[in-house]
Amino acid sequence: MSGATSISYDDVVAWINAFAASVRAQKDYLTALDSAIGDADHGINMDRGMQAVIARLPGLPARDIGAAFKSVGMTLVSTVGGASGPLYGTFFLQFGMATVGRDSIGIDDVTEALDAAVAGIQRLGKAAAGDKTMLDALLPARDALHAAAQSGVPLEEAFARTVEAAEQGMVATTPLVARKGRASYLGERSAGHQDPGATSSYLLLKAAADTWFGPVGGGEPAG
Amino acid sequence: MKKLINAPETAVDEELAGMVAAHGDLIRVIEPNVVVRVDAPRQGKVGVISGGGSGHEPMHGGYVGMGMLDAACPGAVFTSPVPDQMLAATAAVNGGAGVLHIIKNYTGDIMNFELAAEMARAEGIEVSSVVIADDVAVKDSLYTAGRRGVGGTVLAEKIVGAAAEAGADLATVTALCQKVQDNVRSMGMALTSCTVPAAGKPTFELGEDEMEIGIGIHGEPGRTRMKLATADEITEMLALPILDDLPFKRGDSVLAFVNGMGGTPLMELYIVFNKLAQILKGRSVTIGRSFVGNWITSLEMAGCSITLLRLDDELTRLWDAPVKTPALRWGI
């Protein structure tokens, strides 16, 4: 859909499916990242949740983008557990509330929805930039999308910049000392490892861009 | 991976089915995976529930029964349960007097319990919660996730459960749980890692001559890795930070709890207890009650934790009160 100016319901479903496939492909990698500084379950839990999500997607009644995102959020809250369940659940619930009743969305809608989704995660997780969490990928991505939307670049270019910012944010978590989540218990020992939550957040945004416009950026989540 | 399982995906479900098969006189399991006291709800009694990842057995499911928990919510291995479970548990044990949620301080547990509490309140059930955060290995700070909830949780569940059984109201039971939290401190260490069934390999590698000090209960690495020391030296490394943190003072009476992480024989736990008793004597701290065994574990991890709870007459009486659960039973 190169050159497209809007994202359809089918594009959204394709994004969710692509994220589920990406999580499954990177399940062991995400779990390995979590073994180093957490409790070795991030890939396993996200995969369980996303498999439940895609099982429910075809049964949704109307072609309502907001309702689809809300279903994704509710399913993740009910199936993932840990901090990832409520955090990713909130991301999709907020994204859904910002797009309710719509069968297609443009760059301004996506920008607004991503704002709401990231704000929801900030409220729930009470984390800040540099705490070595998923926000370290999401905050720069949100800012990059804002800047791109304001400068009027095409959707494809805007997403390429968003994913690039997420990737840089993800890679930049490696030297950080964690201040939130289980990695914080390690203190200084948490430095030197890439954050698993920032990595799955990068995969989420990359799945959108790859699905809609073809593969972008550096590719591998290891950065 | 060498485990006595059929498949990682079915391990928790089959464990729960086995618990019901063994202890059907005390517990039942309701959807979505909640262990409930067989006679719940009891009218007029405050319900006490807890929950957390699986892999810490006998906590929490083994502590459901008379005089302790009314329900427990087991998540996937080392993963906090989902709000649907705590909501179902809260509804199942609500006898009209409200429900206390005992939560171990982990980011995920807090979020999922908070969501469940909001949903339960929306259904008209009075819910209060207390967060257990007793691990002195973790520095407490406004800017971090704070201390982990570890061994103190078991003591809180026993003491609070006894008060609820005796008819205390929700405010009293909640204040009592906070009192336990305010007077309990713990620290743990690991001789080996452990293997999450779905991950298939140990969470970390530890050399034959190495140990991790300051671990939690999720197979995660600790605060520092050190050369292996003697049981006496290790006991000092754990006991002294605990004693200095509260601090426990001359003349205090404590419940001394030496806990195995799942893969350490009782023989070694008593060797640790022996040294702990000497340390406490040296500080003129009296052992009012003792508790030794594998009570809050980290799968097959070898290692131990020490928990000290400062006792008074009320806490001692409630600790001694009758309890009848799959894992703990006395006074009946």
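In strand 8 of chain B, Glu212(B) is the bridge partner of Ala190(B). That pair is a handy place to start looking around this predicted model, in which local features need pLDDT of at least 70 and side-chain atom pairs count only at pLDDT 80 or more, while totals for chains, interfaces and linings use all residues. Residues are numbered from 1 along each chain as its sequence is written, and chains are lettered from A and ligands numbered from 1 in the order in which they are written. Helices (H or I, at least four residues) and strands (E, at least two) are DSSP runs, numbered from the N terminus.

**Strands of chain B**

- Strand 7 (residues 184–190) and strand 8 (residues 210–213) of chain B are antiparallel and share two bridges; two strands count as paired if DSSP finds at least two bridges between them.
- Strand 8 of chain B also runs antiparallel to strand 9 (residues 224–227) of chain B, with four bridges joining them.
- Strand 10 (residues 253–260) of chain B has seven of its eight residues buried. A residue is buried if 20 or more other C-beta atoms lie within 10 Å of its own, exposed if 12 or fewer, and partly exposed in between, with C-beta atoms placed from the backbone.
- Strand 10 of chain B pairs in the parallel sense with strand 11 (residues 286–293) of chain B over seven bridges, and Ser253(B) has Thr286(B) in strand 11 of chain B as its bridge partner.
- Between strand 10 and strand 11 of chain B, the chain passes through helix 7 (residues 266–282) of chain B in a right-handed β-α-β crossover. Right-handed is the term used if, with the strands pointing away from the viewer, the path from the first strand over the helix to the second runs clockwise.
- Strand 10 of chain B pairs in the antiparallel sense with strand 12 (residues 303–310) of chain B, over seven bridges; here Val258(B) has Ile306(B) in strand 12 of chain B as its bridge partner.

**Domains of chain B**

- Chain B is assigned domain 1 (8–182 + 319–330) and domain 2 (184–316), with bounds that come from an automatic or database domain assignment.
- The centres of domain 1 and domain 2 of chain B, taken over C-alpha atoms, are 22 Å apart.
- In chain B, 25 residues of domain 1 are in contact with 32 residues of domain 2; contact requires that the C-beta atoms of two residues, placed from the backbone, lie within 7 Å.
- On the domain 1 side of chain B, the elements giving two or more residues are helix 4 (152–165), helix 5 (170–182) and helix 8 (313–320) of chain B. Helix 4 of chain B gives the most, with five residues.
- That side of domain 1 of chain B holds 14 nonpolar, six polar and five charged residues. Ala, Val, Leu, Ile, Met, Phe, Trp, Tyr, Cys and Pro count as nonpolar, Asp, Glu, Lys and Arg as charged, and the others, Gly among them, as polar.

**Where the chains meet**

- The contact takes 26 residues from chain A and 31 residues from chain B.
- On the chain B side, strand 4 (71–77), helix 2 (83–93) and helix 3 (107–122) each supply at least two residues, and helix 3 of chain B has the largest share, five residues.
- The side of chain B that touches chain A has 16 nonpolar, eleven polar and four charged residues.

**Chain A in outline**

- Chain A has nine helices and two strands, which follow the pattern β-α-α-α-α-α-β-α-α-α-α along the sequence.
- The C-alpha trace of chain A spans about 45 × 40 × 30 Å along its principal axes.
- Of the 223 residues of chain A, 60% count as buried.

- Asp47(A) lies in helix 3 (residues 42–56) of chain A and is buried, because 21 other C-beta atoms lie within 10 Å.
- Not counting residues up to four places away in sequence, Asp47(A) touches Val23(A), Arg24(A) and Lys27(A).
- Leu139(A) is in helix 7 (residues 135–151) of chain A and counts as buried, because it has 22 C-beta neighbours inside 10 Å.
- Leaving aside neighbours within four places in sequence, Leu139(A) is in contact with Val118(A), Ala129(A) and Gly169(A).
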